[in-house]
Amino acid sequence: MFELATPLVPYADPWLQPLSERLAMLHRREVRVAYFYEEPNNSTFRYRAYNMAQVLNGCETGNVSASYFFLSDRERFDEIADAADILVICRSRYCHEVNGLITKFRARRKRVLFDIDDLVFDTDYAHLVVATLGVDVTKKGLWDDWFAMIARMGQTLKMCDGAITTNEFLAQKLANYSGLPVFVVPNFMNKEQLELAERIFAEKEHARFVGDGKVCLGYFSGSPSHRLDYAIVEPALAEVLAERPDVEVMVVGYIDHGPVMREFSHRISRQPFQDYVNLQRLLGTVEFNLMPLQSNAFTDCKSELKYFEAASVGTLSIASPSFTYRRAIRDGENGYLAKAHEWTEAILRALDRSEAYEVMAAEARRDALLKFGWQNQTEAIVRALQLS
Amino acid sequence: MAFWSEHGTAAAMRLIRAKIGDAIAGRPIFNKMALDDFGDESHSTDIAFGRDDHALAASKVVRTRFLTSQPLETFLIPNALPRVSLVTDSIGRESLFGGVGTALLLAAQLANRMNASLRIVTRTEAPSASNAAQILGAYGIQLKHEVQFAFAPMALDGATQSAGAAGLDIHPDETFITTSWWTTAATLASVPPASIIYLLQEDERMFYPFGDDRVHCERILNNQDIRFVVNTRLLYDHLIASGLDNLKHNGSWFEPAFPKTLFYERQRVSGGKKKFFFYARPNNLRNLFYVGLDIIERAVNEGILDLEQWDLLLVGKHIPNVAFGNGYVPERCEGLDWEAYADLVGTVDLGLCLMYTPHPSYPPLDLAASGAVVVTNKFANKQDLSNYSRNIICAELNTEAALDALRAGVALAEDKETRARNFAANGLGADWTQSFEPILELLTTAR
């Protein structure tokens, strides 16, 4: 484990600004993009609306400004539609208010795009999504909830002129479903994340990536819906812990261990859910970031975010070969790939290549910043908005 | 006990946990009538229920009796990458010898040939990724695509679906490899018959007395719409000769392989005793444990097996603590992993492996592939296994004939020159890829 002197940073959600400030942000430049999300959160909203606006507004040479709006701004939808040239509806369920907002843009002959980061717009995949998330199918109202949510997403999508998403696999699904033109803008890291990541990486680099003598494997779950993903790696973790006394495990989030981990409980630490900036610091303390995923069309739609957030702080990832991970990770160069039956071997291989850690960590960070740093996303966003 | 014996400790623990859960929840666990214990080979369980004041639905009685053939719960998803799904009871350590290992190798090779992903679906015990890795690694098979593991447990209370589970996603044109009549029945209920390839490694009708199980089994074996892949030509010929005409047009066979990286003669302790191996599985009736014990006892008493010169090893599962002759207690070898088993087999000089079916079974071939001499029994068209190895001696199933065969086996084991010459002339395949090649060609071109 890496002991970091870089302290925690004080955190407050940066997007909680009054509407007046958000409108002012929109008005700053000649071409204006309004991102819409039902209500802000630190996952999809952050990646697909807040970060996009940050890039567009931060581009010194551009003439595009952007801001973000929510259902709670419904009283000012006309004003937003007057001010903005393009509306991007991010992962929002159909409702009269969303329809109303889209209609206002259409009435003004302005373009409306739909942005989504998951396979949750086509009800043909509803059962697969439920199964992948391990939801109890006997739960009352479950099918109503999931089919309604997915169908409502699909309906919003169909009202738009085009779609934007995070990777080519999901783009193909969107195109198949909607027949609309689809563009790809990957998820990426924003300024706040990268500022802290830079300090953490510099500290680790200065220490030549020497830890405290223990090697820590981290699983950063985000939500309890990753229970079945974690189950892929848990038996391998138990085997590695049994074989290597210097290995420890850190689990962040809501995952519960199975019985195979009981005998190692003294070598397992738990951390609560973190804000996304300080999560970078926690990521920086572990040597390896484990990213097991079930293999199916739903998980192939997931973005590279767990890889690049770890890479930015000099932490190497070991991942299932999902569509995006097998494109992002060059096995043995900037991380490791592990098929579902190879986790033990992959972890042991990674542990035994400690001499390669420093070079790989540097390469992973270089790669992550190049492809997934906010500074390098302007072109992709402008192209997706068809403003280029 | 029958359930434990057939499905192993992990599955039995799962059943017990479920029953404890029922008890805590105030649901009935057992009642006055226990279903019969259908013997070691039965796929039934000894879950008890039934004859009290309230009548049970007949369908539930049947479902509970035939737990392991309960339909797989599936749901359709849109077309995706091709996938081969292997459906088996368990890939637990104890299950991986022989048949299940072969099924895994076939499924992996077929998946690679079809440029498909592989999914391993188990029903009595959650699948172990590391066990699959061990087998694939031992045979040097690299999967082209990701492997998935899925646990599709039966509803132990006879319900139609495991509580809360979303079921297995299936593609419209997915290929399924099933591994027994009951996994075939479970799969047939949920997917198109043409997508099923039933890997048949025994005349499964012989697992049962004439009764319900046998009828269910025979119905599946008579299926005209699924494809059969039979382990060994001998078994294939026997199945057709015994009435399964359908295999003539929808069946094919392969011969197993014994890679030289795994099966080879190991270094012996110099000056040590010779090793005698008895395949000892008292709960698998077809292995004739008691017939074998009797033969060994006679061989010891008559000096055919001189205990001054031979160490006796009983290798298998659930082996009782027995003594031969004047109190000689053999070593019992149980729970060996794949490599430990191969290491042991590589040090054996003579084996007695009985199999009361037409299939040659794996242990005689494992031993012959590792340089040992083996005595096994004749059965139906299994009269001579010298095409595999001249170090395999087939005897009639009477004690005198078996003792004569053991006598000949001892002589051959001690005749190092002949034994080595026979070993060198073995007809056993050593490469699974070659073994499966005609089958893979057939299965992929027929689609």
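**Close-up views of a predicted two-chain model**

View 1. Helix 5 spans residues 126-133 of chain A, and seven of its eight residues are buried, so the helix is largely enclosed by the rest of the structure. The buried residues are Ala126(A), Leu128(A), Val129(A), Val130(A), Ala131(A), Thr132(A) and Leu133(A). Just after the helix, Gly134(A) adopts a positive phi of about 70 degrees.

**View 2. The nonpolar cores.** The largest nonpolar core has 164 residues. Those that touch the most other members are Tyr35(A), Phe288(A), Ile318(A), Ile347(A), Leu385(A), Leu118(B) and Tyr139(B). Helix 3 (residues 96-113) of chain B supplies the largest share of this core, nine residues. Apart from this core lies another, of 52 residues, among them Phe69(A), Val137(A), Ala297(A) and Phe75(B).

**View 3. Contacts of Leu118(B).** When neighbours within four places in sequence are set aside, Leu118(B) is in contact with Val84(B), Leu104(B), Ala107(B), Ala108(B), Ala111(B), Leu143(B), Glu146(B), Val147(B) and Gln148(B). Leu118(B) is also one of the residues that touch the most other members of the largest nonpolar core.

**View 4. Ala346(A) in helix 14 of chain A.** Ala346(A) belongs to helix 14 (residues 343-352) of chain A. With a relative accessible area of 2%, Ala346(A) is buried. Beyond its neighbours within four places in sequence, Ala346(A) is in contact with Ile318(A), Leu337(A) and Ala338(A). Of these partners, Ile318(A) is listed among the residues that touch the most other members of the largest nonpolar core. Between the C-alpha atoms of Ala346(A) and Asp115(A) the distance is 35 Å, and 231 residues separate the two in sequence.

**View 5. The buried residue Glu174(B) and its polar partners.** Glu174(B) is located in the loop between strand 5 (168-170) and strand 6 (175-178) of chain B. Its relative accessible area is 2%, and Glu174(B) is therefore buried. The side chains of Glu174(B) and Ser85(B) are joined by a polar contact of 2.5 Å. Leaving aside neighbours within four places in sequence, the residues in contact with Glu174(B) are Arg83(B), Ser85(B), Arg119(B), Asp169(B) and Ser195(B).

**View 6. Packing of helix 7 of chain B.** Helix 7 comprises residues 233-241 of chain B, and its buried residues are Leu234(B), Leu235(B), Tyr236(B), His238(B), Leu239(B) and Ile240(B). These buried residues pack against strand 7 (196-200), strand 8 (227-231), helix 8 (246-250) and strand 9 (251-254) of chain B. Gly243(B) follows the helix and has a positive phi, near 110 degrees.

**View 7. The contact of helix 12 with helix 13 of chain B.** Helix 12 (residues 399-414) and helix 13 (residues 416-424) of chain B pack at an angle of about 90 degrees, and their axes are 5 Å apart. This angle makes helix 12 of chain B roughly perpendicular to helix 13 of chain B. From helix 12, Leu412(B), Ala413(B) and Glu414(B) meet Lys416(B), Thr418(B), Arg419(B) and Asn422(B) of helix 13. By class, two nonpolar, two polar and three charged residues form the contact.

View 8. Arg109(A), a residue other than glycine, has a positive phi near 55 degrees. Arg109(A) lies in the loop between helix 4 (96-107) and strand 4 (111-116) of chain A, and at 80% relative accessibility it counts as exposed. Phe209(A), likewise a residue other than glycine, has a positive phi near 60 degrees. The loop holding Phe209(A) runs between helix 8 (191-206) and strand 7 (215-220) of chain A. Phe209(A) is buried, with a relative accessible area of 10%.

**View 9. Gly303(B) in a loop of chain B.** Gly303(B) is placed in the loop between helix 9 (289-301) and strand 11 (310-316) of chain B. At 47% relative accessibility, Gly303(B) counts as partly exposed. Gly303(B) and Phe210(B) are 93 residues apart in sequence, and their C-alpha atoms are 40 Å apart in space.

How values were computed: Residues numbered from 1 in each chain as written. Chains lettered and ligands numbered in written order. Heavy atoms only, no water. Core = buried A, V, L, I, M, F, W, Y, C linked by side-chain atoms within 4.5 Å. Buried < 20%, exposed > 50% of the residue type's maximum accessible area, 1.4 Å probe, protein only. Helix = DSSP H or I, 4+ residues; strand = E, 2+ residues; numbered from the N terminus. Contact = heavy atoms within 4.5 Å. Axes fitted to C-alpha atoms, helices over the stretch in contact; angles between N-to-C directions. Parallel < 35°, antiparallel > 145°, perpendicular 65-115°, else oblique. Nonpolar A, V, L, I, M, F, W, Y, C, P; charged D, E, K, R; others polar. Polar contact = N/O pair within 3.5 Å; in protein donor to acceptor, adjacent residues only side chain to side chain.
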